[in-house]
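Welcome! Please take a moment to look over the sequence and turn the model around before reading on.

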Amino acid sequence: MKDFLQTVDLCIKEGLLMQGQLPALTDEKNKIVERVEKAKIWLQKQPDYIKFLKQLQEILHQKNIGAFSELLSYFVNDVLQKDTKSINLELYTYHNLPALRIEALNNGQKESIIEGNGGSIANIVSTGLRLIALSRMKNRQFIVLDEPDCWLKPDHIPLFAKIIGEISQKLRIQTVIISHHHWSYFKDYGRVIELRKGDIQLETTIVLDASSDGAPDDTIKKVLMRRFMSHYDTTYELHPYLTCIIGDDDVGKSVIATALKA
């Protein structure tokens, strides 16, 4: 009998305790139900939200693409001294990944920048795209262009060099360009370094050095290559804006690009 009364007393206490907890538990239940209802509403509207965000993203992409197309068109026409070409950039999906189709419009007709126009436009567009991409990144503004003018006629090189030099200065991009064209094309925009074979090793000579007033301090000052491919001990002292490396064919000009990649 004593055990029975103790059990009854314990049950009463537990019941009173549960009654005291009931308001708090009820309130928590109501909050959970409210969150579940909001989640259901979100799930119902989610496809519309995703569709809207995709449309907004596409509009922003098209806006940027339009600006890039205009810049590249100016670049191409300035170098080639024509007004008939415009560069068309078109976004599409390839293997479920975003891709970019690049074409030249010639009097309204789309042409491949390589197959339909030869290499000159491909030279100009690829150089422009690399500079645009670099200018939008937070990384160090440094780029090596290995003979980006290889398919351009000599008549087009002065304007090509002028645009590269001005972009390097205005956007503060430290550019190293390797070229087989005459150094005089680049003389007004930076430093021209000639690479030649010496008696024992390759030697560098600064042929001409343009002013670097107002240049940023955080540029790469020099590149040293020791026992790397054809270079036993070569030092390039770089201009803060544009450094042009010239020299005979197969002397080792492009090795600097390989060294920096390594």
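## Two strands side by side

The strands β4 and β5 pair in the parallel sense over five bridges. Two strands are said to pair if DSSP finds at least two bridges between them. Helices (H or I, at least four residues) and strands (E, at least two) are DSSP runs, numbered from the N terminus.

## Where the model comes from

This is a predicted model, in which local features need pLDDT of at least 70 and side-chain atom pairs count only at pLDDT 80 or more, while totals for chains, interfaces and linings use all residues. Residues are numbered from 1 along each chain as its sequence is written, and side-chain values use heavy atoms, with hydrogens and water left out.

The term pLDDT is the predictor's confidence in each residue, from 0 to 100. The chain averages a pLDDT of 79, and 86% of the residues score at least 70.

## The whole chain

The chain has four helices and 10 strands. Starting at the N terminus, the order of elements is α-β-β-β-α-β-α-β-β-β-β-β-β-α.

Of the 262 residues, 32% count as buried. Here buried means under 20% relative accessible area, exposed means over 50%, and partly exposed lies in between (1.4 Å probe, protein chains only). Contact means heavy atoms within 4.5 Å. Among contacts between residues at least 6 apart in sequence, 60% join residues at least 24 apart.

## The sheets

Now back to β4 and β5. They belong to an open sheet of five strands, with the order β4-β5-β10-β6-β7 and mixed pairing. Its edge strands are β4 (142–146) and β7 (202–209), each pairing on one side only. From one strand to the next, the twist averages 20 degrees.

Another open sheet has three strands in the order β1-β2-β3, with antiparallel pairing. β1 (85–94) and β3 (109–112) each have a single partner strand, so one side of each is left without a neighbour in the sheet. The twist here averages 45 degrees from one strand to the next. Strand β2 (residues 97–106) pairs with β3 over four bridges in the antiparallel sense, and the bridge partner of Asn106 in β3 is Gln109.

## A hairpin

β8 and strand β9 (residues 231–237) pair in the antiparallel sense over six bridges. Arg226 stands opposite Asp233 in β9. The hairpin of these strands has two residues between them, and Met229 takes a positive phi near 50 degrees.

## Two helices in contact

Two packed helices are described by the angle between their axes and the distance between the axes. The axes of helix α2 (residues 119–135) and helix α3 (residues 157–170) come within 12 Å and cross at roughly 5 degrees. That makes α2 roughly parallel to α3. Angles under 35 degrees count as roughly parallel, over 145 as roughly antiparallel, 65 to 115 as roughly perpendicular and the rest as oblique. Axes are lines fitted to C-alpha atoms, for helices over the stretch in contact, and angles run from 0 to 180 degrees between N-to-C directions.

Which residues make the contact? Ile124, Thr127 and Leu131 come from α2, and Phe160, Ile164 and Ile167 come from α3.

His181 lies in the loop between β5 (174–178) and β6 (191–197). Is His181 buried or exposed? Its relative accessibility is 11%, so His181 counts as buried. Leaving out residues up to four places away in sequence, His181 touches Asp149, Leu152, Pro154, Ile157 and Ile246. The C-alpha atoms of His181 and Leu152 are 10.0 Å apart, although 29 residues separate them along the chain.

Arg140 sits in the loop between α2 and β4, and Asp218 in the loop between β7 and β8 (222–228). Arg140 is exposed, with a relative accessible area of 51%, and Asp218 counts as exposed at 57% relative accessibility. Arg140 and Asp218 are 78 residues apart in sequence and 8.9 Å apart in space, C-alpha to C-alpha. Neighbours within four places aside, Arg140 is in contact with Leu134, Asp218, Thr219 and Ile220.
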